[in-house]
Amino acid sequence: MKRENPLLINRKIILPIAIFGFLIILIGALLKVTHWNFYNLTAELLLSIGVIFSAIAWIVAIVDLVRNSIRNKAMWIIGLLLMGNIFSILYLTYRENYLVK
């Protein structure tokens, strides 16, 4: 029986980071499209912050995929490469359901 490896960062911490990054990217994209600025809060700054938070969650999800035996591993890896932030949120939410026991 293969032993499950825990996440690098606790799920209660990394899942809100991933969701926060996704929301910041959406707000930054809205500011970019509408050409709005709120004082020193520009679209480029929000997009940069959102990408950093999303990259942290993406790296944690990829490392966890490599370390554990997961059902449909190819689907998760392709999804993370194509739509990284959405799939990292989905993976972190449903991780326990896909672990091979």
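Analyst: A place to start is Tyr39, which sits in the loop between α1 and α2. This is a predicted model, and the phi of Tyr39 in it is near 55°, a positive value in a residue other than glycine.

User: Is Tyr39 buried or exposed?

Analyst: Tyr39 has a relative accessible area of 84% and therefore counts as exposed, the cut-off for that class being over 50%.

User: And what about Asn72, where is that and what is its phi?

Analyst: Asn72 belongs to the loop between α2 and α3, and although it is not a glycine, its phi is positive at about 55°. Its relative accessibility is 47%, so Asn72 counts as partly exposed.

User: Let me step back. How many helices and strands are there?

Analyst: The protein has four helices and zero strands, which gives the pattern α-α-α-α when read along the sequence. The C-alpha trace spans about 55 × 25 × 15 Å along its principal axes.

User: How much of the chain is buried?

Analyst: Of the 101 residues in the protein, 32% are buried. The accessible surface comes to about 6600 Å², and carbon and sulfur atoms account for 71% of that area. As for contacts between residues at least 6 apart in sequence, 69% of them join residues at least 24 apart.

User: Switching to charges, how many salt bridges are there?

Analyst: The count comes to three salt bridges. One of them pairs the side chains of Lys32 and Glu44, with an N to O distance of 2.6 Å. Lys32 lies in helix α1 (residues 11–34) and Glu44 in helix α2 (residues 43–67), so this pair ties together parts that are twelve residues apart in sequence.

User: What does Asp64 pair with?

Analyst: Asp64 forms a salt bridge with Arg95, in which the closest N and O atoms are 2.7 Å apart. Since Asp64 lies in helix α2 and Arg95 in helix α4 (residues 84–98), the pair ties together parts that are 31 residues apart in sequence. Both Asp64 and Arg95 are buried, and for Arg95 the relative accessible area is 3%.

User: What else does Arg95 bridge to?

Analyst: Arg95 also forms a salt bridge with Glu96, where the closest N and O atoms are 3.7 Å apart. Through shared partners, the salt bridges join Asp64, Arg95 and Glu96 into one network. Glu96 is partly exposed, with a relative accessible area of 35%.

User: Now the hydrophobic side. Which residues touch the most other members of the largest nonpolar core?

Analyst: The largest nonpolar core has 16 residues, and those that touch the most other members are Leu65, Ile70, Trp76, Tyr91 and Leu92. The elements giving two or more residues to this core are α1, α2, α3 (73–82) and α4.

User: What is Tyr91 in contact with, leaving aside its neighbours within four places?

Analyst: On that basis Tyr91 is in contact with Ala61, Asp64, Leu65, Ile70 and Trp76. Asp64, the salt-bridge partner of Arg95, is therefore also one of the contacts of Tyr91, contact meaning heavy atoms within 4.5 Å.

User: Where does α4 bend?

Analyst: There is a kink of about 45° in α4, and it is centred on Leu92. The 15 residues of α4 have end C-alpha atoms only 18 Å apart, short of the 21 Å that a straight helix would reach at 1.5 Å a residue.

User: Last one: what packs around Ser88?

Analyst: Ser88 is in helix α4 and counts as buried because its relative accessibility is 0%. Not counting residues up to four places away in sequence, Ser88 touches Ala18, Ala57, Trp58, Ala61 and Leu80. The buried residues of α4 as a group, Ser88 being one of them, pack against α1, α2 and α3.

Technical notes: Residues are numbered from 1 along each chain as its sequence is written. This is a predicted model: local features need pLDDT of at least 70, side-chain atom pairs count only at pLDDT 80 or more; totals for chains, interfaces and linings use all residues. Side-chain values use heavy atoms; hydrogens and water are left out. A salt bridge is a side-chain nitrogen of Lys or Arg within 4 Å of a carboxyl oxygen of Asp or Glu. Buried means under 20% relative accessible area, exposed over 50%, partly exposed in between (1.4 Å probe, protein chains only). A nonpolar core is a set of buried Ala, Val, Leu, Ile, Met, Phe, Trp, Tyr and Cys residues joined through side-chain atoms within 4.5 Å. The expected span of a helix is 1.5 Å times one less than its number of residues. The bend at a residue is the angle between axes fitted to the seven residues ending there and the seven starting there. Accessible areas come from the Shrake-Rupley method with a 1.4 Å probe; for residues, only the protein chains shown count as cover.
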